[in-house]
Amino acid sequence: MALDSSKTTGFKYVGTRPDRPDGLDKVTGRAKFGADAYAPGMLHAAIKRSPHAHARIVKIDTSKAEAMEGVKAVVTRADFATGIEGEFGNILENVMAGEKALYDGHAVAAVAATSALIARDAVKAIEVEYEILPHVTDVDAAMQAGAPVIREGAADSSVPEGLHPNIVRYYESGHGDVEAGFAEADLVIEDHFLTEATHQGYIEPHACLGTLGTDGKGELWCCTQGHWYVQKVCAALLDVETSQLRVTASEIGGGFGGKTTVFIEPVALALSRKANRPVKLVMTRAEVFKASGPTSSTSMDVRIGMKKDGTITAAQGTFRLQGGAFPGAPCEMTAMCAFAPYDLKHVHQVGYDVMTNRPKQAAYRAPGSPMAAFAVESVIDELCNKLGLDPIDTRLKNASREGTRASFGPKWPRIGLVETLEAAKAHPHYSAPLKPGQGRGISCGFWFNHGGETAVSLALSEDGSAQVAVGTPDIGGSRASMALMAAEVLGIPYEDIRVTIADTATLGYNEISHGSRVTYASGLATIKAAEDAVQKLCARAAAKWGIPEDAVYWEDGYAKPSGPNAGEFEPLHIGDITATMGATGGPICGHFEATPEGAGVSFATHIVDAEVDPETGKTSVVRYTVVQDAGKAVHPTYVEGQFQGGAAQGIGWALNEEYIYGEDGRLQNAGFLDYRIPVASDLPMIDTVIVEVPNPGHPFGVRGVGETSICPPLAAIANAVSAAAGVRMRQLPMRPSRILEALESAVDG
Amino acid sequence: MSKTHVTTKVNGDEVEFLCDPRETLLDVLRDRLNLTGAKEGCGTGDCGACSVTVDGRLVCSCLMLGVEAEGKEIGTVEGIATGEELHPLQRKFIEYAALQCGICTPGILVATKALLERTPDPTEEQVRYWLAGNLCRCTGYDKIIRAVMDTAAEMREAS
């Protein structure tokens with residue numbers, strides 16, 4: 001009989017708020033992040049980057065750099081594997097340019113030297129001859145006939161014939177007959193929306209320390225959201241066996257999706273192989289902005305029809321995503337998320353993945369969803385305004401529920417959208433009076449959440465404590481969540497469990513910490529691994545008592561005979577069993593390997609009050625409330641933290657953050673001074689409401705929480721700003737100059 | 001390039017080092033003195049992750065040269081606790097979950113300690129403006145502000 005500890009109530013540890021296990025290390029400066037590793041004989045590396053948005057590389061002369069004292073190795077594309085295609089081929093092309101530099105900041109060569117200063121000087125001594133080519137950085141311009149072609153043949157089979165070669169993927173879905181639906185509407189609104197590329201903005205630049213020998217064996221330390229993926233990619237790009245490269249994930253100083261791929265690690269390893277010494281490579285902040293992945297910029301058209309009573313009759317959206325110089329912009333996800341919150345009879349959505357001369361976009365927290373919500377929820381807001389309807393009641397009227405057919409096809413299982421809307425409506429924020437000059441905005445948001453390949457191993461120590469090895473880097477307190485879930489199953493205190501992020505040599509493949517999957521998938525695997533260990537503990541007790549294994553059960557850290565028929569035995573504590581495990585069959589460990597597919601989707605509703613100064617165009621967010629379904633909040637404080645962090649990033653995206661390109665195709669604001677993320681004095685306290693509608697696909701009902709929190713803010717803030725300013729804002733960021741322009745054109749118009 | 005000999009005090013201990021005149025104080029702390037608590041988030045004084053005190057004054061160590069440390073007293077996150085006893089700010093940051101990834105935490109602790117030494121009873125607004133030079137991308141600052149306010153209250157009560 002398989003042990004099953006599934007439950008959604010009656011928790012002892014899950015749902016409590018203990019101190020995080022890595023807290024002490026992080027408040028004392030001891031925690032080791034990507035750039036905090038050093039090795040004997042270590043070299044420092046630096047990367048030579050293209051100053052051009054689009055250029056053919058005619059010649060690279062590294063001789064002067066190589067001749068400099070202290071320089072130990074110089075690499076170019078010739079030092080990497082050849083013949084790699086597909087996803088890894090694109091990553092290689094991005095990691096080190098081949099025939100063309102495809103964006104301002106594209107790597108073309110790299111140096112390893114005895115000091116960082118020498119490495120930087122040597123980079124300047126590398127001479128590159130370029131033939132400058134026409135470039136394009138805007139998504140709409142890149143789709144036009146005559147636009148410079150970034151790379152021929154990059155489109156896949158999804159793209160209809162006759163489209164520009166920069167359109168590399170196409171997605172379309174929906175159901176019903178939208179034109180018939182629009183004909184039933186009392187009011188149809190269609191609008192065009194634009195959002196700019198924003199960066200994840202993690203405070204820790206990419207950093208790694210790599211050693212690769214001519215024997216094909218290597219060690220790599222790096223800050224990453226997924227070290228098995230790094231292992232796989234680096235092995236391919238350097239043509240070594242995957243298992244011979246051991247990758248250890250450092251503490252990670254923020255990722256938000258931006259550390260789900262590979263930028264510098266293969267370069268450090270290539271330099272190390274050539275110099276035969278360990279090589280440390282750390283990006284500067286300017287390199288982070290120029291050459292690691294921002295999110296897509298977008299151009300979107302959304303059309304929605306509504307009856308006077310608030311019923312949505314049809315919805316249609318076209319979403320064009322700029323993905324940089326490589327395929328991969330999340331056009332499918334944008335289109336799929338767009339209308340997901342609503343029960344629609346007639347719906348149609350289209351997505352385009354468009355290449356430009358910009359850095360390869362990378363995932364950013366619910367990739368693609370926030371922009372879609374901005375467009376869709378703005379149109380719904382406008383419809384509610386024009387028809388005199390309450391924005392929450394209208395959303396409730398059309399809300400997706402269990403059994404509703406989703407806008408992109410499947411039937412929803414148990415979901416919690418209605419619960420978030422009801423909680424938002426009941427929240428004092430929603431009925432609080434506004435001051436003059438202020439506006440209130442509402443938005444819903446949706447994210448899929450993800451399962452993915454997962455392996456966890458749990459080992460019991462002689463004293464009855466437990467070590468849990470998980471493979472998903474801890475980007476927001478997940479070690480605490482894992483320990484809580486293991487404690488719940490084992491029935492031992494949270495403090496008796498130590499959770500470690502294992503290296504690639506220790507566990508089977510673990511997919512990246514992405515898709516809000518960690519607490520769901522690694523959590524599920526931790527629960528199953530703990531159950532596996534408990535079953536073995538029960539077997540040892542059964543053997544000692546001489547009764548069948550299924551006559552023993554586990555409760556609060558004790559093996560107990562399951563009833564009078566099993567016999568009368570004194571319960572055995574976990575420590576009593578582990579103390580003698582060497583003599584009763586050997587070490588007791590539990591493990592679990594699977595690809596869980598029951599990640600519960602998650603919905604949120606946000607309420608924002610914004611104040612707009614008509615003189616300066618400056619917007620202040622004066623009150624913010626996040627309401628989100630967490631399924632089950634394992635560590636509620638860290639769930640709140642995810643809600644607040646997503647809202648704060650959304651505020652930056654909505655109001656201030658943007659990639660600004662000049663006519664020359666160069667990024668003009670590659671630093672935190674000119675790319676200004678929200679600072680403490682920009683923000684109010686961010687109130688949170690955790691709604692718990694259990695996910696049937698997780699033993700404790702957990703849903704991912706990390707990403708959904710960034711889906712509603714762009715729209716909620718735009719709706720609040722539009723209400724405060726009295727003019728509809730259709731372009732992000734809503735920086736002061738743009739607000740003033742909108743106010744002026746409203747007066748002129 | 002010839003190196004310069006520097007004598008300084010870090011967290012109360014006398015230290016000597018040789019450094020290139022182009023090296024920042026942050027480079028020296030991390031690469032020469034093995035004090036990696038201060039982080040380089042930007043190298044341009046915009047993020048505050050490298051915050052230290054120099055003769056009691058809060059500075060970005062990425063904006064100061066290592067040679068300028070001659071004869072100064074440097075304070076870093078590694079010197080905030082006293083033996084096994086954490087500074088109240090360190091305790092409260094753990095208690096309030098005022099950190100997620102933790103990369104900005106050393107700088108924020110150094111900065112808020114400097115604030116509370118000058119202003120033991122700060123308003124929320126004062127805390128927010130004082131920390132405007134310390135970027136945190138994970139938390140939205142909410143729990144950080146609460147932890148600082150509560151620490152200030154506790155320290156006032158204790159004094």
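Trainee: What makes residues 28–134 of chain A a "domain: Aldehyde oxidase/xanthine dehydrogenase a/b hammerhead"?

Mentor: That label comes from an unreviewed UniProt entry; such annotations may be inferred rather than shown by experiment, with positions given in the numbering used here and feature names shortened. In this predicted model, local features need pLDDT of at least 70, side-chain atom pairs count only at pLDDT 80 or more, and totals for chains, interfaces and linings use all residues. Residues are numbered from 1 along each chain as written, with chains lettered from A and ligands numbered from 1 in written order.

Trainee: What is the secondary structure over 28–134 of chain A?

Mentor: That stretch is 24% helix and 32% strand, with its end C-alpha atoms 51 Å apart. Helices (H or I, at least four residues) and strands (E, at least two) are DSSP runs, numbered from the N terminus. Chain A as a whole has 20 helices and 26 strands.

Trainee: How do you know which residues of chain A and chain B are in contact?

Mentor: Two residues count if their C-beta atoms, placed from the backbone, lie within 7 Å. By that test, 45 residues of chain B meet 42 of chain A. Helix 2 of chain B gives the largest share of its side, four residues.
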